[in-house]
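Trainee: I have a structure open and would like to learn how to read its features. Where should I begin?

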Amino acid sequence: MDDNQNCETFIFLSSNKLVISIYSELNKRIYKNEISFEEDIDVLKALEKLDYFLDKEIFKIEKKIKNFVKKVNIILDLNVFFSVEISIKDINNDDNINKKNLNYLLYEAKDYCKKTIGDRKISHMIINSYHIDNRNYSFFPKDISGKNFSLDLNFICISKNLIKSFEKVLKKYQISIGKIVDKRYISKFLNED
């Protein structure tokens, strides 16, 4: 087996199906397997289905793609994410608003959110809008000055215990987690495939 080939593996898990897709470094799909469930299932049953699937299929998959599956990105279409909305403001003394100001506010907001969410992990951080001197922007404006700069943010979070449950299942097959993402969020940027 070629341990050095760069493949990216995705597991999609919803209440009614499980899909594993593997892409080459050229973003060409080299493997796909989809299993539909007879009835809608919850997250615990989904973990059981994933474990059963990997137990039966992982060696066949690795043999077929001539590579080890070491890391997977998990896309969940399950009701396991929750959102935290936050607005954060910076009083800008030098009037110049730049990426440094933006990064400062983002780090500060992330720290506040981490203190609030407890035993959960931030999966996505989304900037909904930028506000500069009472003007609203949907994008970060270039070459702008102002005294007041604020952001409206949305953090999409997931339970650390659920992440550990996924890690426990995957560890049995020497697989680690790359990212766990919310299908509803990423579907805005990707096609269904």
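Mentor: Begin with the names: helices and strands are DSSP runs, numbered from the N terminus. Keep in mind that this is a predicted model. As a case, lysine 32 is found in strand S3, which covers residues 29–36.

Trainee: Is lysine 32 buried, exposed or partly exposed?

Mentor: Buried means under 20% relative accessible area and exposed means over 50%. Lysine 32 has a relative accessible area of 39%, so it is partly exposed. Compare serine 21 in strand S2 (residues 17–23). Serine 21 counts as buried because its relative accessibility is 6%.

Trainee: Which residues is serine 21 in contact with, leaving aside its neighbours within four places in sequence?

Mentor: Its contacts are Glu8, Thr9, Phe10, Arg29, Tyr31 and Lys32. Lysine 32 therefore turns up again, this time as a contact of serine 21.

Trainee: Next, the sheets. In what order do the strands of the open sheet come?

Mentor: The order is S5-S10-S7-S8, 4 strands with antiparallel pairing. The edge strands, each pairing on one side only, are S5 (81–91) and S8 (135–137). From one strand to the next, the twist averages 30 degrees.

Trainee: How many bridges join S7 to S8?

Mentor: There are 3 bridges between S8 and S7, the latter being residues 120–132. In this pairing, tyrosine 130 stands opposite tyrosine 137 of S8. Helix H3 (residues 160–171) packs on the sheet, where it touches S7 and S10 (148–159). The direction of H3 makes about 45 degrees with that of S10.

Trainee: Which residue should I look at within S7?

Mentor: Take histidine 124, which lies in S7. It is buried, since its relative accessible area is 7%. A polar atom of its side chain lies 3.1 Å from the backbone nitrogen of aspartate 182. Not counting residues up to four places away in sequence, histidine 124 touches several others, including Asn154, Phe155, Val181 and Tyr185.

Trainee: Which residues of H1 are buried?

Mentor: The general idea first: an α-helix has 3.6 residues a turn, so residues three or four places apart point the same way. In H1 the buried residues include Leu47, Leu50, Leu54, Ile58, Ile61 and Ile65. Among the elements that cover the buried residues of H1 are strand S1 (8–14), S2, S3 and H3.

Trainee: What is found at the two ends of H1?

Mentor: At the start, a side-chain oxygen of aspartate 42 comes within 3.3 Å of the backbone nitrogen of leucine 44. After H1 comes lysine 66, with a positive phi near 55 degrees.

Trainee: How should I read a positive phi?

Mentor: Most residues other than glycine have a negative phi. Aspartate 143 is not a glycine, yet its phi is positive, near 50 degrees. It is found in the loop between S8 and S9 (144–145), and at 81% relative accessibility it counts as exposed. Glutamine 174, also not a glycine, has a positive phi of about 55 degrees. Its place is in the loop between H3 and S11 (176–182), and glutamine 174 is exposed, with a relative accessible area of 63%.

Technical notes: Residues are numbered from 1 along each chain as its sequence is written. This is a predicted model: local features need pLDDT of at least 70, side-chain atom pairs count only at pLDDT 80 or more; totals for chains, interfaces and linings use all residues. Side-chain values use heavy atoms; hydrogens and water are left out. Buried means under 20% relative accessible area, exposed over 50%, partly exposed in between (1.4 Å probe, protein chains only). Contact means heavy atoms within 4.5 Å. Two strands pair if DSSP finds at least two bridges between them. Axes are lines fitted to C-alpha atoms, for helices over the stretch in contact, and angles run from 0 to 180 degrees between N-to-C directions. A polar contact is a pair of N or O atoms within 3.5 Å; within protein, one must be able to donate a hydrogen and the other to accept it, and residues adjacent in sequence count only if both atoms are side-chain atoms.
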